[in-house]
Structure formats: C-alpha cells, structure tokens
Amino acid sequence: MDTLQDLFLALASLSHLELMLGLLITGTVIIVLEDWRLNLWALMAQVVLVGVLLVRVMPLQVALVKIIVGGMVCVILYLTARRVQWGGELAATHGSHDARTAGREVFTMNLWFRLLVALLVAVVTYALGSRHPFVVQPQGISQACYWLVGIGLLTVVLTTDIFKVGLGLITFQAGFGILLATFENSLSVAALVGVVDILIALAIAYLTSAQMAFTVEDDTA
Amino acid sequence: MNLLLLVFLPLGAAGPVYLLRRYWSAAVAASLATVVALIAICGRAQLGEPAYLLGRELVLDDFHRFLLILFYVLSSLMIVYAWRQPQGWAFCPSLLAIMGLLSGAMMIRTFLIAVLLLEMAGLIFVFMIHGRRPAPIGAAISYLVPLVVAAPCLLILPWLTESYTLHPEDLLLIRFTVIAVSIGFGILLAAAPFHSWLPGVVEGAPPMAGALLICIFSQVHLALLIGVLRDNLWLTADSPMLLVITGCGLLTALVGGLFAFAQRQPGRLLAYAAISNMGFVLVALGTGSAWGITSAVAHSVTRSLTVLLVAMSLGAVRTHLRRETGSSLQEALRWAPGGVLGYIAGGLALGGFPLFNGFATRWLIYRSLPQHDALFLGVLVLSGVGVVLGYLRSLSTMLQPSPEMSEDREPLPVTVLILSLVGLCLLLGLLPGLLVTPLHDMLLASGLVNAGL
C-alpha cells in the first residue's frame with residue numbers, strides 16, 4: 001500500500017492540462033479502436049488518471065480505493081475477454097454478422113467517423129467546462145467530468161457489442177464519479193459506488209459470456 | 001427485531017440458494033423459508049426504532065412496512081410459481097439478493113445511499129434476464145443502459161436540493177432539480193417519453209423476471225419519488241414539478257393505451273398495459289392532494305397484483321398448450337385452465353374493466369382529479385379501452401404454439417396460484433375499501449399524506 005501511495009503521489013504532481021490530455025487520449029482510444037487489449041489498457045490508464053484528479057477533491061485513501069476498484073473492473077473484463085476468446089471465435093462471428101448487415105446499414109460508423117465524433121465531444125467539453133464549470137477549483141475537474149460522461153455515452157450509442165457497451169458505461173460512471181466526489185467524498189459512498197462499478201463489470205461479463213455461449217449453441221444446432 | 005436482518009438475511013441466503021441450484025426443490029424451499037422469515041421479521045419490527053447501516057439511519061414506518069410485506073408476499077408467490085415453472089437457475093438467488101437491497105433502499109433515510117442500493121439491485125436483475133432460453137442481447141442492453149444513466153440523475157439530487165436550501169433565490173437550481181427528478185424517475189418508472197426500454201425487457205426476459213421489474217421495482221421507485229416530494233416541499237410549492245408529473249402521466253397513459261391496442265406479442269402487450277397504468281398513477285400523484293396520493297399508491301398496488309397474474313398466466317399458457325390445440329379456446333381451457341382464465345381476467349383488470357380491482361382504483365383516480373376536466377377523463381378512458389381491446393385481440397395469438405411448449409397439463413399449484421390471484425383481483429374490485437381505507441390511514445400515520453404534498 002505504501003509503494004502504491006508513493007507512486008500515486010509522484011503522479012499527483014502532473015498538471016491538470018497533462019491529466020486532461022491523458023484522459024482525452026484514453027477516451028479516444030476507447031471509442032475509436034476495436035482492439036480489446038488496447039481498450040482495456042486505455043481503461044486502466046483512465047482509472048489511474050481519474051484517481052490522480054480525484055486526490056484534489058477527496059482524501060488520498062478514498063481515491064486509492066477508487067483506483068483499486070477500477071483495477072478490479074479491468075481484471076474482470078480482461079478475464080471475460082480471454083474466456084470468450086475475443087479476437088478469435090467471437091471476432092469471426094462478428095465478422096460474418098457484419099458482412100450480413102453491411103448492406104443494410106444507413107451509414108458505416110467506421111474509424112474516421114468515430115474519431116470525428118470524439119473530436120466534436122472534445123470541443124463541446126472544452127466549451128462547457130470553461131463556461132459552465134460546476135466547481136471553479138481545482139481546475140480541470142469539470143472538463144474531465146463532461147468529457148468522460150460524453151465519450152462514455154457516445155461509446156454506448158455507437159456500438160451494438162455488449163463488451164464495448166460495458167466499456168462505455170464504465171467510462172460514463174468514471175465521469176459521474178468525479179462529479180459525485182466534489183460534493184460527497186465519504187468512504188462509505190465511495191465504497192458503494194465501487195460495488196456498483198464491480199456489479200456493472202460482472203453484468204457485462206455475464207452478458208458477454210452468455211452471448212458467446214448462445215451463439216456457439218446456435219451454430220452447433 | 002433488528003432492521004438489519006431485513007437487509008442481510010436475504011443477501012446471506014442468496015449464496016447457499018445459488019449452491020443448491022441443481023437441487024431445484026431444495027433451492028425453492030430455502031428461498032421460500034427466507035422470504036417467510038422476512039415477513040415475520042418485518043411484521044414484528046418496532047416502528048420508528050432506528051438501526052444503522054454504514055453510519056446511516058434505517059427506520060421503518062407504517063407505510064414502508066406495508067410495502068415491504070407486500071413485496072415479500074409477491075416474491076413468495078413468484079418463488080412458488082418458479083418451483084413448477086422454472087425461470088432460470090439465477091432466479092431464486094438473484095431475487096433474494098434483490099429483496100435484501102430493496103429492503104435497505106426502502107428503509108434508509110439517506111437518499112443517496114438508497115439510490116445506490118437501488119442501482120445495485122437493478123444490476124443484479126441483469127442476471128435474471130436469461131432464463132431457461134436465451135433472451136435477446138438487446139433486451140439486456142436496453143435495461144442496463146437506462147439504469148446506469150438514470151441513477152446519476154438521482155444521485156445529484158441531494159446536492160441540488162441542499163444547494164437550493166442555501167440559495168433559494170437561484171432559479172436555475174429549481175430548473176435543474178425538476179429536470180433531474182423528471183429524467184431519473186421518468187426512466188426508472190418507464191414513463192413516456194422514457195418508456196421504450198420496458199417492452200423489450202418484458203418480452204425477452206422470463207415472465208417472473210418481467211413481473212419483478214414491474215411489480216416490485218416500480219413500487220420502490222414510486223415510494224422514493226413520494227419521499228423526495230415530501231422531504232422537499234418547495235418542489236411542489238415553488239416549482240412546476242406536479243405539473244410535469246401530471247403531464248408526463250397523461251402522456252404515459254395515452255402512449256401505453258395506444259401501443260397496447262396495436263400490439264400482438266403478449267410480453268410487449270403486458271409492458272404497454274403496465275406503462276398505461278403507470279400513467280394513471282402519475283396523474284393521481286400529480287394532483288398533490290391527499291386522496292390523489294392514496295389513489296396513486298392503491299392503483300400501484302393493484303397494478304402489481306394484476307401484472308403478476310398476467311405474467312403467471314402468460315408463462316403457463318406458453319408452456320402447457322398442446323401443439324395441435326391451435327386457437328381453440330375450449331381445448332386450451334382443458335390444458336391450461338388457470339393460464340387462459342388468468343390471462344383474460346388479468347387483461348380486463350389491467351384495462352380497468354368493471355368488477356375488477358383495476359376499475360376500482362381507476363375510479364378513485366377519476367374522483368381525485370380536478371372537477372370538469374374532460375380532457376383528462378377522455379385520455380384516461382381511451383387508454384383503458386386500448387388495453388382491454390389489445391388483450392381481447394391478442395388472445396388468438398396467445399394460443400399459438402411457442403418454442404417453450406411442453407406436452408403436459410398445467411401443474412395444479414400453478415392453477416391454484418393463478419385462480420387465487422383472479423379471486424383476489426375480483427375481491428378488491430368488489431370491496432376496494434379493504435385496500436384503500438387502511439392504505440390511507442397508513443399514509444396519514446407515516447406523514448406522507450397530510451393535506452396533500
């Protein structure tokens with residue numbers, strides 16, 4: 001715990017601009033890229049950056065609890081992705097599904113489209129955070145909250161894959177967690193929010209595994 | 001008796017019940033024993049004597065005790081039904097865990113913690129969505145996403161209300177509070193225009209899971225909404241909150257009734273009928289009067305009983321009609337008598353047909369409306385007619401073969417359960433005072449109803 005605390009204090013010296021830049025990159029990776037390994041690394045980095053940001057509005061121990069919970073969420077999602085062999089059989093299934101539905105889509109939400117959406121959210125976030133901050137100090141809190149909520153919701157909207165929906169929901173929760181931390185920073189509430197995060201991850205893990213199992217059953221039948 | 005038992009006993013029992021899932025009868029017996037114990041504990045609990053969870057106060061009053069006992073009774077009926085009509089391996093353990101969390105959410109005084117407990121219960125519900133056959137993945141997503149989006153709207157509510165108390169001159173705070181309450185509770189109660197997630201979930205999930213969502217979760221959300229309005233009287237006095245609730249209720253009743261009339265799939269029809277009934281509840285709540293609130297709660301209770309009846313009947317008919325039965329009602333009555341009768345009676349009750357409980361509480365709502373409001377009456381009557389016609393039209397579709405069909409007759413316990421519920425719906429329809437009078441007294445005793453909100 002002490003080593004973790006030292007590491008954390010070293011990261012806490014990052015300026016709010018550096019933290020925002022980090023969150024912009026991780027959020028963009030989550031919405032734009034399809035590779036689950038990169039997505040999970042981005043999510044983990046996002047958890048740490050949010051934790052560092054939260055140290056400015058809540059006690060260090062509570063922020064550490066949030067990072068540990070975030071780490072557990074990432075582990076749950078990693079094990080799920082490995083279990084359903086995402087990138088292998090699931091990708092093949094999705095590939096055939098995509099091929100079937102490609103002709104029926106109104107327009108393709110490809111990489112460039114998603115990148116454009118991320119850019120748009122970044123601009124809106126900057127404007128909202130500058131003109132309507134819900135807290136003036138410390139800097140960057142409002143922008144980070146708006147950015148994560150916006151990018152999380154758009155990730156949910158732009159995909160039909162349950163695993164990716166889960167990543168979007170967890171990003172949304174992280175954004176909202178920042179807002180909640182500014183007016184309620186007790187350990188009991190942080191613990192309950194942590195339980196909610198873990199339950200979301202477990203629900204996503206269950207639904208992803210079930211989707212895979214039923215797809216395999218259908219193929220066998 | 002310690003109130004903490006109501007939270008931790010079902011949560012603790014969920015694990016052993018999960019381990020017993022391969023011995024279905026044993027799992028059902030353990031679940032039923034837990035729920036019966038909860039009824040006994042809740043019945044003997046000292047009113048007003050506090051307990052503490054995470055340093056926050058838990059208190060039980062008359063009204064919340066009534067609701068908790070109602071939930072436990074409804075859960076026990078669901079468990080007995082699931083004994084003969086299995087609803088998936090996760091049903092019993094998830095139901096117990098949900099009951100523990102919902103009990104905590106009902107009793108805890110801190111709204112923030114109540115919402116978090118409610119969100120946890122909602123997330124555990126996800127494990128029920130796949131029953132014995134897979135539910136469409138869209139059903140799970142369409143439940144999970146609204147839940148996760150609605151909770152934050154409610155979590156910021158304490159902050160907004162406290163800020164308003166400090167800065168009553170800030171009109172923006174009133175606006176934000178009304179928006180947060182409308183979106184948060186609107187999504188959770190499946191009120192129009194946030195209703196679209198419910199039909200997909202009820203159609204895809206096992207019948208008892210859908211019933212749990214409508215019968216129990218909705219009531220908890222409603223109780224929390226009433227609590228918010230009681231604790232922040234400025235919301236009803238200085239903001240357009242009641243107007244928003246009334247308008248939303250009217251729209252919900254209209255949308256539910258119209259979509260129910262057009263619907264053929266029984267699960268979706270049930271969801272739209274429930275949405276239409278939620279519209280009535282909101283219209284009654286929006287009056288803000290003492291009788292309006294009583295009629296809202298009474299209609300919510302009758303809605304729960306009727307939805308449970310229809311869900312049980314739906315499951316029985318889907319499973320126990322022979323393939324060659326076709327659409328012959330006489331033949332269907334031989335194979336699934338409870339299911340067919342319960343479906344017809346439940347459909348009529350949901351639409352507010354005279355003699356059934358749905359009619360009695362609707363009548364109470366009409367009476368609590370402001371005088372000479374023909375628009376309200378017209379929309380509400382139209383909504384009820386839409387639901388009744390929808391059920392009559394769907395009967396032939398119901399009797400068609402389904403993928404769950406088995407070659408045996410409806411089990412006797414299921415028939416007895418369904419016919420008992422039909423009897424209860426008729427009894428409450430003929431003697432509504434059995435429910436309404438004690439409910440009004442309880443609301444008065446709990447301070448939820450005085451001279452209105």
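This is a predicted model: local features need pLDDT of at least 70, side-chain atom pairs count only at pLDDT 80 or more; totals for chains, interfaces and linings use all residues.
Q: How many salt bridges does the rule find across the interface of domain 1 of chain B and domain 2 of chain B?

A: The rule finds zero there. Residues are numbered from 1 along each chain as its sequence is written, while chains are lettered from A and ligands numbered from 1 in the order in which they are written.

Q: What makes domain 1 and domain 2 of chain B separate entries?

A: Domain bounds come from an automatic or database domain assignment, and for chain B this gives domain 1 (1–128) and domain 2 (145–445). Their C-alpha centres lie 22 Å apart.

Q: Which residue numbers show that the two domains of chain B are in contact?

A: Contact means heavy atoms within 4.5 Å; 36 residues of domain 1 of chain B and 47 residues of domain 2 of chain B take part.

Q: What area is buried between chain B and chain A, and what makes it "buried"?

A: The term denotes the accessible area (1.4 Å probe) that two parts lose on being put together, summed over both. Between chain B and chain A this is about 2700 Å², with carbon and sulfur atoms giving 88%. B:M120, B:F127 and B:W159 supply 20% of the area that chain B buries against chain A, more than any other three residues.

Technical notes
Side-chain values use heavy atoms; hydrogens and water are left out. A salt bridge is a side-chain nitrogen of Lys or Arg within 4 Å of a carboxyl oxygen of Asp or Glu.
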